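Please consult the sequence and the structure shown below while reading.

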Amino acid sequence: MADDTRDYRALFLARTPLLDVRAPVEFTKGAFPGATNLPLLDDRERHRVGIRYKQAGQQAAIDLGNELVSGRVKRDRLKAWRQWHAAHPNGYLYCFRGGLRSHTTQAWLATEGVTVPLVVGGYKAMRRFLLESLDANLQRLPLWVLGGRTGCAKTRVIGRLGNALDLEGLAHHRGSAFGRRPGGQPSQIDFENRLAIDLLGLAERGVPRVVVEDESKLIGRCFLPLALQARLKTAPRVLIEEPLEARVQVTLEDYVIGPLDEYRRHYGPAHGFERLAEELLAAMDRIQSRLGGDRHRQLRGQLARALERQRRHGDNDAHRDWIRELLAGYYDPMYDYMMSKHRDGEILFRGTREEVLAFLR
């Protein structure tokens, strides 16, 4: 049986199952990939115990906690913890600081004949380790940036490389105003934790370089760490160059056809299309001020007609019209402007998607 540990690196590299016994409100603010929240105290109980602690001290707070989590409540929580351990016999448990809550959970499980090791220092120490390792790896690891116009399938190339960091995957967002995905995005803390763990894994494997897609400072509402933003501006670049019609096809597949399956899985077959249609129209409205009134009305009308044709006949081709105009008239000029500003990195290679993939491999 494993002992309590403070080897955070090993925990994250092994993707060790983690039992988080903090309150749900704490878990929602930030947690780790693969962690399961089965709290010792729920939000209401934690609030009451916190007030008692301030008013009467630690022992009074402990007594209240034992009173609140007793009888059937205690039996139910022990049952849930035992079931988690049975499914994850190599797992560890933690609370915020590795203190009273994790030790109490560990002790209660021990009375049931179940031994679960805990993470010394808890969530706070693991979070600090990840932030420090993220900063160190961003400073140390060689970085190449994959760029190109919208629709040139940068994310697809990233997905086919073994030494790439998928920022959009970590942010659960496809990028741009049209990139929202069902289920929403992780919290900023969760995004940073996932980023740090993936980068830690690449560093452990000793990859000669890390390839990352060119991004702005925000992917949806996930903010890129400042150190990563700085590296993106100056790192060597590899550029994908694809003709407009090829980019129209990729955009159609990645932002209309593919997402429809995802929306149907999330909202159900009866509602998936309508939810996707609402999101596409809302995305067009989000860039109205940048498009200008006349262009926005034109493109929104084309999008609405394409959605109606898709709804009635299952025909996706009408989407090509608004996609083509949006790429050529909006995203391409924006890309040209961005390439002329704040881009100091050497351009190592230019080519088609397949040529770039071969070069990067």
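Which residues in H12 meet which residues in H16? The model considered here is predicted. In this model, Leu244, Glu245, Arg247, Val248, Gln249, Thr251, Leu252 and Val256 form the H12 side of the contact. On the H16 side, the residues are His319, Arg320, Trp322, Ile323, Arg324, Leu327, Ala328 and Asp332. Sorted by class, the contact of H12 with H16 comprises 8 nonpolar, 3 polar and 5 charged residues.

**Packing of the two helices**

- Helix H12 spans residues 244–267, and helix H16 spans residues 319–340.
- The axes of H12 and H16 lie 9 Å apart, and the helices pack at an angle of about 115°.
- Because angles of 65 to 115 degrees count as roughly perpendicular, H12 and H16 are described as roughly perpendicular to each other.
- The crossing in which H12 passes H16 is right-handed.

**The sheet**

- Three strands make up an open sheet with the order S2-S1-S3, and their pairing is parallel.
- Strand S2 (35–37) and strand S3 (92–94) are the edge strands, each of which pairs on one side only.
- From one strand to the next, the twist averages 25°.
- Strand S1 covers residues 18–20 and pairs with S3 in the parallel sense over 3 bridges.
- Asp20 stands opposite Tyr94, a residue in S3.

Methods. Residues are numbered from 1 along each chain as its sequence is written. This is a predicted model: local features need pLDDT of at least 70, side-chain atom pairs count only at pLDDT 80 or more; totals for chains, interfaces and linings use all residues. Side-chain values use heavy atoms; hydrogens and water are left out. Axes are lines fitted to C-alpha atoms, for helices over the stretch in contact, and angles run from 0 to 180 degrees between N-to-C directions. Helices (H or I, at least four residues) and strands (E, at least two) are DSSP runs, numbered from the N terminus. Angles under 35 degrees count as roughly parallel, over 145 as roughly antiparallel, 65 to 115 as roughly perpendicular and the rest as oblique. A crossing is left-handed if the near helix is turned anticlockwise from the far one by less than a right angle, and right-handed if clockwise. Contact means heavy atoms within 4.5 Å. Ala, Val, Leu, Ile, Met, Phe, Trp, Tyr, Cys and Pro count as nonpolar, Asp, Glu, Lys and Arg as charged, and the others, Gly among them, as polar. Two strands pair if DSSP finds at least two bridges between them.
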